[in-house]
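My notes follow in the order I looked things up.

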Amino acid sequence: MSQHVAEVTHRLVSSPGGRIHLVEQGTGPLVLLVHGFPESWYSWRHQLPVLAAAGYRAVAIDVRGYGRSSKPAATDAYRMVELVEDNVSVVHALGEESAVVVGHDWGVPIAANSALLRPEVFRAVGLLSVPYTPRGGPRPSDVFSRMGGDEEFYVSYFQEPGRAEAEIEPDVRGWLAGLYAALSADTMPAPGAPDPHFVGRDGTLRERFPVSRLPAWLSERDLDVFAGEFERTGLTGALNRYRNMDRDWEDLAAFDGAPVTQPSLFIGGGLDASTTWLADAVAAYPVTLPGLVSSHLLDGCGHWIQQERPEEVNRLLTDWLTALPA
């Protein structure tokens with residue numbers, strides 16, 4: 001890496017919801033990095049210096065409801081259309097007209113819908129861990145309520161205000177450690193063990209999390225950073241994303257089945273439930289992502305892909321970015 005790469009800069013910029021906190025490194029074409037649940041800008045710590053060294057202006061945000069970004073009180077302030085406009089505001093606040101947007105986990109639909117709704121701003125889109133699935137089908141809450149039989153799917157569990165908070169907030173650090181381990185390749189439950197994506201009757205998610213050790217990618221200091229933010233802010237802002245999925249389905253009705261046509265990249269983990277459950281979505285990419293440049297599945301990798309396998313992800317990201325039209 002070049003020793004001349006600029007230092008990391010933190011700043012706050014105005015957005016429709018109040019403010020967005022961002023972390024910036026490097027100069028050149030803008031690459032906007034959007035994290036998922038339950039994370040923060042810090043999940044991109046391995047990508048910022050590498051993208052900066054490759055000649056890009058790498059910017060990782062705290063999504064609305066996280067970290068030092070605003071946390072509006074109203075649940076419906078976390079609708080997808082609002083988060084798209086936050087991304088647009090960041091691009092313009094940085095003095096830019098366009099950007100490449102890259103998302104992980106919940107950041108994937110935020111990034112994909114940014115490209116879909118504001119194609120004049122977002123010229124390419126990278127998707128990590130969660131495949132792109134166009135708006136369509138039945139109301140999301142109806143779909144999730146039918147999953148799991150006698151057990152409850154985690155999304156339904158998260159959708160009830162206050163319920164997940166009551167489980168998580170008494171021990172944020174311990175809960176995060178368990179969730180990160182549950183979805184990491186080296187610490188996830190063995191095949192046949194109770195699935196940590198589901199809640200048993202009168203149970204909790206945490207009772208299915210591993211408790212013995214942290215995954216290799218997560219140091220005690222890293223966990224302190226993630227936990228410290230949620231200890232300060234609580235989890236409601238982050239969980240409100242799940243509580244707007246039906247509103248998103250209504251808001252985006254005009255985009256039912258719509259493809260994302262910009263140049264795109266997908267990187268998934270071979271052991272990530274997101275890629276196995278949504279294998280049909282990946283197979284549909286010739287229709288749903290007609291601008292797809294490359295698609296990669298990393299063998300033996302879990303869900304936290306840019307942190308579990310940073311060198312591979314960085315190489316794939318920089319190769320893709322370099323090949324994009326200027």
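**Largest cavity.** I started with the lining of the largest cavity: His35, Gly36, Val63, Arg64, Tyr66, Tyr78, Leu83, Trp106, Ile110, Gly237, Ala238 and Arg241. The model is predicted, so I noted that local features need pLDDT of at least 70 and side-chain atom pairs pLDDT 80 or more, while totals for chains, interfaces and linings use all residues. Residues are numbered from 1 along each chain as its sequence is written, and side-chain values use heavy atoms, with hydrogens and water left out.

For the spaces I used a 1 Å grid over the protein atoms alone. A cavity is a set of points where a 1.4 Å probe fits but cannot get out; a pocket is an open set with protein on both sides within 12 Å along at least five of seven lines; lining residues have an atom within 4 Å of a point. Points are joined across faces, edges and corners, and a volume is the space filled by probe spheres set on them.

The largest cavity holds about 70 Å³. Its lining divides into 7 nonpolar, 3 polar and 2 charged residues. I counted Ala, Val, Leu, Ile, Met, Phe, Trp, Tyr, Cys and Pro as nonpolar, Asp, Glu, Lys and Arg as charged, and the others, Gly among them, as polar.

**Second largest cavity.** How many cavities of 30 Å³ or more does the structure hold? I found 2. Val34, Ile61, Val63, Arg64, Leu83, Asp86, Asn87 and Ile110 line it. Helix 2 gives the most to this lining, 3 residues. Helices (H or I, at least four residues) and strands (E, at least two) are DSSP runs, numbered from the N terminus.

**Arg64.** Arg64 sits in the loop between strand 4 (57-61) and helix 2 (80-93). Is Arg64 buried or exposed? Arg64 is buried, at 4% relative accessible area. Buried means under 20%, exposed over 50%, partly exposed in between (1.4 Å probe, protein chains only).

The side chain of Arg64 makes a polar contact of 2.8 Å with the side chain of Asp86. A polar atom of the Arg64 side chain also lies 2.7 Å from the backbone oxygen of Ala77. A polar contact is a pair of N or O atoms within 3.5 Å; within protein, one must be able to donate a hydrogen and the other to accept it, and residues adjacent in sequence count only if both atoms are side-chain atoms. Not counting residues up to four places away in sequence, Arg64 touches residues including Tyr78, Leu83 and Gly237. Contact means heavy atoms within 4.5 Å.

**Helix 3.** I then checked helix 3 (residues 107-117), where 9 of 11 residues are buried. Ile110 is one of the buried residues. The cover over them includes strand 3 (30-34), helix 2, strand 5 (99-104) and strand 6 (122-128).

**Asp248.** Asp248 belongs to helix 10 (residues 245-251). I found Asp248 buried, with a relative accessible area of 8%. Asp248 and Tyr78 are 170 residues apart in sequence, yet 9.6 Å apart in space, C-alpha to C-alpha. Asp248 touches Arg79, Met80 and Arg241, not counting residues up to four places away in sequence.

**Second largest pocket.** Last, I looked up the second largest pocket, about 290 Å³ in volume. Of its 18 lining residues, Met188, Pro189, Asp195, Pro196 and His197 are the closest to its centre.
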